[in-house]
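The following report describes selected local features of a protein structure. Please view the sequence and the coordinates together before reading on.

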Amino acid sequence: MSDNYTALYEQHKKAGASFTDFGGWQMPLKYESELAEHHAVRNAAGLFDLSHMGEVWVTGPQAAAFLDYALVGKLSAVAEGRAKYSLICDADGGIIDDLITYRRSEDKFLVVPNAGNAAVVAAALLERAAGFDVVVKDASAETSLIAVQGPNAEAILLKLVPAEQHSLVTDLKYYAAVEVSIAGDELLLARTGYTGEDGFEIYVPNQDAAELWEALLEAGEGHGLIPAGLAARDSLRLEAGMPLYGNELSRHVNAYSAGLGPVVSLAKESDFVGKEALAAIKAAGVGSTKGQKLVGLKGTGRRAARAHYSVLKDGTLIGEVTSGQPSPTLGYPVALAYVDVEHSAPGTTVEVDLRGKAEAFEVVALPFYKRSK
C-alpha cells in the first residue's frame, strides 16, 4: 500500500470513498457509484482531486529556450497566459511522459507531469537544464490540484469568484490560465481537463486545499456537482480518446505511432532531446505507412475489450488493446488499441479475443465522444 496521501484524503474518507493505489498515491477510485460520477460530469459537474499530479516550475532568462530543448514542442511560441500539450522524450524518441506546460510570464513556466512520472520528469528537467540560465523547482509536494469538470463548471466557479473578476473566468480560453480570487485566495485557474467536457483545474497550496474542496462542494449545490474518482476519470478520458501514460504511452512508444505527431516540432531551429530519432522515425513512415498505430475500436456486441487483449484480423494477431470498457455515455463498448497500420483505417472490421471468444470491433475515428459546444 502506498504511503502517499493527498491533502484531501480526510475529505475523501468522510465522503465514503473507496481507494486505490495510483502512481504511488492513495486516490479515491469512486465514492458511491462510478457510473453516477461519470454521468454527473457529462450532464452537470464532477469534482476531482488531482493532487497526485506534479508541478514543476521553470524560471529564468533562458526558460523558453530550455523548454524548447527539453520538450518536443516549441514552448517559446506559447503566449503568456496560454498552455501547450507536449511530450518529454528520451534520446531514442520514446515517451517519458505527456504533459501540459503553462506560460505564466516571459521567463516563468509551470510544467505539469503525470502522477507516477512527476519525480522522473523533474529529474530529467534538472539534468537537461545544465548549461541553461534557468531554475527548475519541483513544487509537487506542497501543491494540490482540484478539478471541476462538466457543463456546469463555469457557473459553479462564478459563485466563488468576486463579481469584478467574473469576466476573467468567462473569457478564459481552453488551454489558458489566469490568477483569480477563488473563495478568498489568489489561485491559478486553468481551463484544461481530461474528461472531454468544459472544466477548470485549480492549483492551491496544500494547507488551503480542504477549505477550497468544501467551498466548491457548497457552491455546486443546485448544480448537480458530486465528487468523482479515478474510475469515472478513466471512463471519461477513454470516451474522449485521450491517452493514459502507462496504457497508450510509454518509453516503448513514439509520438507518431501514438497519433501525437502534430505535437512534435521538428521545424524548430533549436535541437531538442530525441529530435534526431523522431526525425528518422517520421522519415521512415512509422505510424503512417508501417509499424503500428493507435486507433479507436467500437464494439459491435455487448462485451467490452480490456487492456492487453489481442486484436486479430482473420485469426492473425495484428495488435493489442491498451484501454477498453463499456461507454456509459454512448451505450456500447469502446477501446483504444495499437494495430498494424494496414488495418488502421476507420471502417475496418477486426476481432478482439475476449478471453477465448473472438468478437467483432470496428476501427473508428477518435474521439468516440465530442461535447456539443
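Which helix lies across β2 and β3, and at about what angle to β3 does it run? Helix α8 (residues 230–239) lies across both strands and runs at about 70° to β3. Axes here are lines fitted to C-alpha atoms, for helices over the stretch in contact, and angles run from 0 to 180 degrees between N-to-C directions.

## Basis of the description

The model is predicted: local features need pLDDT of at least 70 and side-chain atom pairs count only at pLDDT 80 or more, while totals for chains, interfaces and linings use all residues. Residues are numbered from 1 along each chain as its sequence is written, and side-chain values use heavy atoms, with hydrogens and water left out.

## The three-stranded sheet

An open sheet is formed by three strands in the order β1-β3-β2, with mixed pairing. Because β1 (4–5) and β2 (18–22) stand at the edges with a single partner strand each, one side of each is left without a neighbour in the sheet. Helices (H or I, at least four residues) and strands (E, at least two) are DSSP runs, numbered from the N terminus. Two strands pair if DSSP finds at least two bridges between them.

Strands β2 and β3 (residues 25–30) run antiparallel and are joined by five bridges. Asp21 stands opposite Gln26 in β3.

## Pairing of β15

Strand β15 (residues 292–299) pairs with β18 (residues 333–340) in the antiparallel sense over seven bridges. Here Gln292 stands opposite Asp340 of β18.

Strand β15 is also joined to β20 by four bridges, again running antiparallel. The bridge partner of Gly296 in β20 is Val364.

Contact means heavy atoms within 4.5 Å.

## A buried aspartate

Asp90 lies in the loop between β6 (83–89) and β7 (95–105). This residue counts as buried, at 13% relative accessibility. Leaving aside neighbours within four places in sequence, Asp90 is in contact with Ile96, Arg128, Arg251, Val273 and Gly274.

## Backbone exceptions

Most residues other than glycine have a negative phi, and most peptide bonds are trans. Tyr175, in the loop between α6 (166–170) and β11 (177–182), has a positive phi near 60°. Arg355, in the loop between β19 (349–354) and β20, has a positive phi of about 50°. Tyr175 is buried, with a relative accessible area of 16%, whereas Arg355 counts as exposed at 73% relative accessibility.

The peptide bond from Leu366 to Pro367 is cis, with omega near 0°. Pro367 is found in the segment after β20 (357–364).

Conventions. Buried means under 20% relative accessible area, exposed over 50%, partly exposed in between (1.4 Å probe, protein chains only).
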